[in-house]
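Let us walk through this model one feature at a time.

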Amino acid sequence: MSETESFSASAKQAYEKAREHTEKLKAQVGTGAPDSYFACRNLHAYYGESYIVQGVGFEVPEGKILALLGRNGAGKTSTLRTIARAGSPDLRQGEVWLQGTPIHTLKDFEAAQQGIQLVPEDRRIIGGLTVEENLQLAQIAEPKGWEFERIYQAFPRLKERRTQDASTLSGGEQQMLAIARALARDVKLLLLDEPYEGLAPVIVQEIERILSDVRKLGITTVIVEQNAVAALKLADMSIILDQGEVVYEGTAQEVLDDEDLRHEYLAI
């Protein structure tokens, strides 16, 4: 029995649809800037000789939230890091475009200057500095994003703790600071890696509120999240990865409505 024959009917249909779209994006490599706000085409990335991201490609319109989902080890975090031009994994083939600007030729700090901000799973909060000093550090280099007053309006908990050592914040507060630090830059594409991990439901709801507000401001967002249902309820679109490849692309609501698809690729 072939791989696709073992799928449920709906999962197989989603797989074939995603495969067709991925092949289309592969064919567009080297043909110039796409019309979409953000696009990545035929990404192939490696950790050493380990082939992790295997031909991933997708597009996100301006102001939309995309849930990038899949089981552990599917390549989600590696895809985010590839888009952000982090030092690893190593992008050996493919293209990343934002507002017609090629990002795949840039270093990580240059991608950040173009408006791509990655909030990593480990948050990278700098201990020994206060909350406000962490925000100030984010604005050392141009271009700057939100002013502190605006940040504190969106994150009142951070305002209350602005003089506190950032490393002493709770996990939820550190996540808020990590997102706020990204917004302190001129962000056009916000990449969030596991923003809900280890957080109490009330904090998850608070972060969801903030991300909904961010969407209203027209900021495009990609969320990697193991809590797939929570991410899908917030998102407009969804991409599902399996073993480094795109196996589904469509609306978030379609995934929520399709139990077979979720079971096949997300085990929920």
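The crossing of α7 and α8 is right-handed. A crossing is right-handed if the near helix is turned clockwise from the far one by less than a right angle, and left-handed if anticlockwise. The contact, meaning heavy atoms within 4.5 Å, draws on G172, Q175, M176, I179 and L183 of α7. From α8 come I203, E206, I207 and V214. An α-helix has 3.6 residues a turn, so residues three or four places apart point the same way.

The axes of α7 (residues 171–183) and α8 (residues 201–216) come within 10 Å and cross at roughly 10°. Axes here are lines fitted to C-alpha atoms, for helices over the stretch in contact, with angles running from 0 to 180 degrees between N-to-C directions. The two helices, α7 and α8, are therefore roughly parallel. The classes are roughly parallel under 35 degrees, roughly antiparallel over 145, roughly perpendicular from 65 to 115, and oblique for the rest. Helices (H or I, at least four residues) and strands (E, at least two) are DSSP runs, numbered from the N terminus.

A word on the basis: this is a predicted model, in which local features need pLDDT of at least 70 and side-chain atom pairs count only at pLDDT 80 or more, while totals for chains, interfaces and linings use all residues. Residues are numbered from 1 along each chain as its sequence is written, and side-chain values use heavy atoms, with hydrogens and water left out.

Move to helix α2 (residues 76–83). It is mostly covered, with seven of its eight residues buried. Buried means under 20% relative accessible area, exposed over 50%, and partly exposed in between (1.4 Å probe, protein chains only). The buried set is K76, S78, T79, L80, R81, T82 and I83.

What follows α2? R85 does, with a positive phi near 65°. R85 is not a glycine. It lies in the loop between α2 and β4. At 14% relative accessibility, R85 counts as buried. The loop between α2 and β4 (90–98) also holds P89. A cis peptide bond joins S88 and P89, with omega about 0°.

Most residues other than glycine have a negative phi, and most peptide bonds are trans. E142 and P143 are also joined by a cis bond, with omega about 0°. P143 is found in the loop between α4 (131–138) and α5 (148–154). E194 has a positive phi of about 55°, although it is not a glycine. Its place is the loop between β7 (189–193) and α8. At 8% relative accessibility, E194 counts as buried.

Now the rings. The structure holds three aromatic pairs. Rings of Phe, Tyr and Trp (its six-membered ring) pair if their centres lie within 6.5 Å; planes under 30 degrees apart are stacked, over 60 edge-to-face, and the rest tilted. F38 and F58 form a tilted pair, 6.1 Å centre to centre with 55° between the planes. This pair links distant parts of the chain: F38 is in β1 (residues 38–47), F58 is in β2 (residues 50–60), and they are 20 residues apart. Both F38 and F58 are buried.

The rings of Y46 and Y51 have centres 4.7 Å apart and planes at 15°, so this pair is stacked. Y51, at 33% relative accessibility, counts as partly exposed.
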